[in-house]
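Here is a short briefing for a first look at this structure. Read the points with the sequence and the model side by side.

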Amino acid sequence: MLVQIIAQNIRRHRIGGLTASQRRLASARSGRICCRRQGRKVGSLVVLGSLLVLAGCSGPLSTLDAAGRGAERIATLFWWLAASAILIWVAVIGLTVYAVRLRPEPHSQRAAKLLIIGGGVALPTLVLAGYLVYGLSLLPDLLQPAPPGSLRIAVTGEQWWWRVRYLAPDGEAVELANELRLPVGEPVEVLLDSPDVIHSFWIPSLAGKLDMIPGRVNRMALEPTKTGVFQGACAEYCGTAHALMRFYVAVEEKEKFARWLARQKQPAQAAAGPLARRGQELFLANGCGACHAIRGTPAEGVIGPDLTHVGGRLSLGAGILPNEADDFLRWMARTEDLKPGVHMPSFGMLPTQHLRALAAYLDGLE
Amino acid sequence: MQGGLTMERVAEKNENLWLMVVSPGIWAAHFLLCYSTTAVWCAKVVGRDGPLGEARMAIAIYTVLALAGIGIVGWIAARRQSYGSETVPQAFDTPGERHRFLGFVTLLLSALSAVATAYVGLTALFIQTCH
Ligand SMILES: [Cu+2]
């Protein structure tokens, strides 16, 4: 909805096929400066600006569009802070107007002293203490680990993707990558670590962020309250491709989630059709299996993401591409262009026919 | 002529700045002590799921001691600040003025340190586990 309004606003700026800058040029040429138009332009820019700001409040990467217990608390805290910041701003500007416009004459020493000590010392101390108490009182609940018996997921921050392991109660682990699926309404324990550099795991719509620190396992409890597809990102600069280290989070009904997890446990399905079968051969022949595992085939590499069910993911390359056959092709052919610094060599030297076969094979691994 | 100091004695005295940094120093030491006590407690004694228990007691004691220390410094500072019969501002280049000015700065720093120390201590009121 917001996006539509913004688009309309932008369209309105292009009267008669001219963009705003072209019109400005035209009116400058004719030597005419129209103030009313200028005023209206400023007005609509302000509207446009605030719409853009407000649009930032929603979307798949927003804490203010909360879909988890942690994020809900954080969003409430934010709105309280925003409200009091606005109040303080109004009070300060009000005082300024009063002092400059309404009563510019000198005031009594006593009133001035009261204002400085009351408004400058006592009030900030009390307001900050109030917020400190509020913030601290939120913490025990936010830091509470998921109850024993909850689903456990180990997420490792790699350069620059996410290794995800669903840990079954019997200790068996299902390895996946770059995507999290969670059952709605259930607490989940996420165990965070990293083999080399520090990353930070953040799903703004669900909870706060937490660092992934080499040599340490940090724990986070997630409890999604709404179904939907959200996004996560690395929130701690970790190297060249840091900004391209994202992932998708799908929160699903319990049964749907259970079906998905059961499927992820299965080995890869057999390649269907001649093109995909050719792709499987090429996958092994080109050494992809040295870095990638496809369970049920001789490919058992652990350096890169597990590809057993890669075709069923919501994205490719840690949240940077959609997941269609074409995207697989682009990823293999232009890996380094799509993700500078990536630890996978580009395979652009392979004939397009081969890339197509590989893409068909991987896309079919649902 | 408060505090038994006469104008001449102030003039003779070498003012030093040490008292000024004592209160912020107490705050810093308090912070460090609270931090390291809890860190050692959680890492070595009860583990990451354990209760803060005695560590919270320790923080309460540190906080009372620290506030008492800051209070004493603040009290000394308040006496220096009100030395003589002049009031603020301390704007003149005389030993008495300097004495008062340093007292005033020390007093304000003590107030700030007291608030900061209380804020740090407040944590222990709310957080009860090593989570
Ligand atoms: Cu990063």
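Helices (H or I, at least four residues) and strands (E, at least two) are DSSP runs, numbered from the N terminus. Trp89(A) is found in helix H4 of chain A, residues 69-102. This is a predicted model: local features need pLDDT of at least 70, side-chain atom pairs count only at pLDDT 80 or more, and totals for chains, interfaces and linings use all residues. Residues are numbered from 1 along each chain as its sequence is written, chains are lettered from A and ligands numbered from 1 in the order in which they are written, and side-chain values use heavy atoms, with hydrogens and water left out.

**Surface patch**

- Buried means under 20% relative accessible area, exposed over 50%, and partly exposed in between (1.4 Å probe, protein chains only).
- Trp89(A) counts as exposed because its relative accessibility is 57%.

**Copper site**

- Cys234(A) (SG), Glu236(A) (O), Cys238(A) (SG) and His242(A) (ND1) coordinate the copper ion at 2.0 to 2.6 Å.
- Donors are N, O and S atoms within 2.8 Å of the metal (3.2 Å for Na, K and Ca); water is not among the atoms, so sites may look incomplete.
- The site of the copper ion is tetrahedral, with angles of 86 to 128° among its four donor atoms.
- Four donors count as tetrahedral if all angles lie between 85 and 135 degrees.
- Along the chain, the donors of the copper ion follow the spacing C-x1-E-x1-C-x3-H.
- Cys234(A) and His242(A) are buried.

**Aromatic pairs**

- Over all chains, the structure holds ten aromatic pairs.
- Rings of Phe, Tyr and Trp (its six-membered ring) pair if their centres lie within 6.5 Å; planes under 30 degrees apart count as stacked, over 60 as edge-to-face and the rest as tilted.
- Tyr166(A) and Trp260(A) have ring centres 5.4 Å apart and planes at 70°, so this pair is edge-to-face.
- Tyr166(A) lies in strand S2 (residues 161-167) of chain A and Trp260(A) in helix H6 (residues 254-265) of chain A, so the pair ties together parts 94 residues apart in sequence.
- Tyr166(A) and Trp260(A) are both buried.
- Phe201(A) and Phe247(A) are stacked, at 5.3 Å centre to centre and 20° between the planes.
- Ring pairs link Trp162(A), Phe201(A) and Phe247(A) into a cluster.

**Salt bridges**

- A salt bridge is a side-chain nitrogen of Lys or Arg within 4 Å of a carboxyl oxygen of Asp or Glu.
- The count comes to 17 salt bridges over all chains by this rule.
- Arg69(A) bridges to Asp141(A), with the closest N and O atoms 3.4 Å apart.
- That pair links distant parts of the chain, Arg69(A) in helix H4 and Asp141(A) in helix H5 (residues 109-143) of chain A, 72 residues apart.
- Glu158(A) and Arg163(A) meet in a salt bridge of 2.8 Å, N to O.
- In chain B, Arg100(B) forms a salt bridge with Glu97(B), at 2.4 Å between the closest N and O atoms.
- Arg100(B) and Glu97(B) are buried.

Conventions. Tetrahedral: all angles 85-135°; square planar, octahedral: opposite > 155°, others 65-115°.
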